Amino acid sequence: MAEETKEPVGFSDLGLSETVLQALKAKGFEVPSPIQEKSIPILLEGKYDVIGQAQTGTGKTAAFGLPIIDVIEKEGKHVKAIILTPTRELAIQVSDELNSLKGKKRLNILPIYGGQPIDRQIMSLRKGIDIVVGTPGRVQDHIQRKTLKIDQLDFFVLDEADEMLNMGFLEDIEAILKVTNTDKRMLFFSATMPKPILKLAQSYMREGHQEIAVKAELTTRLTDQ
Ligand code: AMP
């Protein structure tokens, strides 16, 4: 019997807009990574939330970043997406990657993390930020000061969820989730899937969330290029 050959999937097969496809071309991304191929269409469709088991180096940032950039419409007044990361380094890295992927779309992306003067962050938030990338402690701080409102989100992302758990951020994450609107798309990324993370997904994601995993050996494909 002849072996079935699978047509290679391109970014243009995933439902992304022309603006985002152009940005990808400029950035030099040619083919989607496995986690991107799987999660982008689900997030664009918006019907289901996603738990993705993927490590750094799999292209996970673009896997959530591209649908976020594509879907949100600039409004200026409300934060439309929040990405929580365990460390300030990752917050800056994710924010930089999103900025490099947004292309012509005029979106304001702000990393907020502890250790940086809060006044400067407050001033930036006042100007109108579309996407916040932050560490849980500082995000909570802004919520309590009412300098950050996240009750009109299109997207909520937890990046490196297992690391956040290890660092004792579970309560912070729950407190943050409680002040968000329920009708948002959610995505959790984690290298491993510990029970408390799965429980969090069970409690806060909409019914029928999708679980996606990429095999560890595939993760080398991108980094080897
Ligand atoms: P991440 O796993 O999100 O930290 O991404 C790892 C690295 O792969 C980053 O430098 C990305 O810019 C790069 N990358 C992500 N997706 C792709 C892709 N589809 N093609 C080429 N490089 C990519």
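Predicted model: local features only at pLDDT ≥ 70, side-chain atom pairs only at ≥ 80, totals over all residues.
View A. Residue numbers run from 1 along each chain as its sequence is written, and side-chain values use heavy atoms, with hydrogens and water left out.

View B. Thr61 has a side-chain N or O atom 2.6 Å from an oxygen atom of the ligand. Gln36 puts a polar side-chain atom 2.8 Å from a ligand nitrogen atom, and for Glu97 a polar side-chain atom is 2.9 Å from a ligand oxygen atom. On its own the ligand has 500 Å² of accessible area, and the protein covers 78% of that; the areas come from the Shrake-Rupley method with a 1.4 Å probe, and for residues only the protein chains shown count as cover. A polar contact here is a pair of N or O atoms within 3.5 Å; within protein, one must be able to donate a hydrogen and the other to accept it, and residues adjacent in sequence count only if both atoms are side-chain atoms.

**View C. Ser33 in its loop.** Look for Ser33 in the loop between helix H1 (18–27) and helix H2 (34–45); helices (H or I, at least four residues) and strands (E, at least two) are DSSP runs, numbered from the N terminus. With a relative accessible area of 2%, Ser33 is buried; buried means under 20% relative accessible area, exposed over 50%, and partly exposed in between (1.4 Å probe, protein chains only). A polar atom of the Ser33 side chain lies 2.8 Å from the backbone oxygen of Thr58.

**View D. Thr19 on helix H1.** Thr19 belongs to helix H1 and is partly exposed, at 34% relative accessible area. Leaving aside neighbours within four places in sequence, Thr19 is in contact with Lys104 and Lys105, where contact means heavy atoms within 4.5 Å. Asn181 is 162 residues from Thr19 in sequence and 28 Å away in space, C-alpha to C-alpha.

**View E. Helix H9 and its two sides.** Ile197, Leu200 and Ala201 are the buried residues in helix H9 (residues 195–204). Down the axis of H9, those buried residues fall within an arc of 100°, so they line one face of the helix; the arc is that of the directions from the helix axis to the C-beta atoms. The pattern follows a general rule: an α-helix has 3.6 residues a turn, so residues three or four places apart point the same way. Packed against the buried residues of H9 are strand S1 (50–53), strand S5 (155–158), helix H7 (161–166), helix H8 (170–178) and strand S6 (185–190). Turned away from the buried side, the other face of H9 carries the exposed Lys195, Lys199, Gln202 and Ser203.

View F. H5 buries Ile118, Gln121, Ile122, Ser124 and Leu125. Viewed down the H5 axis, they fall within an arc of 165°, so they line one face of the helix. Their cover includes S3, strand S4 (131–134) and H6, while Asp119, Met123 and Arg126 are exposed on the other side of H5. Just after H5, Gly128 takes a positive phi of about 105°.

View G. Gln116 lies in the loop between strand S3 (109–112) and helix H5 (118–126), and at 17% relative accessibility it counts as buried. The Gln116 side chain makes a polar contact with the side chain of Tyr113 (3.4 Å). Setting aside neighbours within four places in sequence, Gln116 is in contact with Pro111, Gln121 and Arg138.

**View H. Two loop residues with positive phi.** Most residues other than glycine have a negative phi. Lys146, in the loop between helix H6 (136–145) and S5, has phi near 60° and counts as exposed at 71% relative accessibility. Glu160, in the loop between S5 and H7, has a positive phi of about 55° and is buried, with a relative accessible area of 19%.
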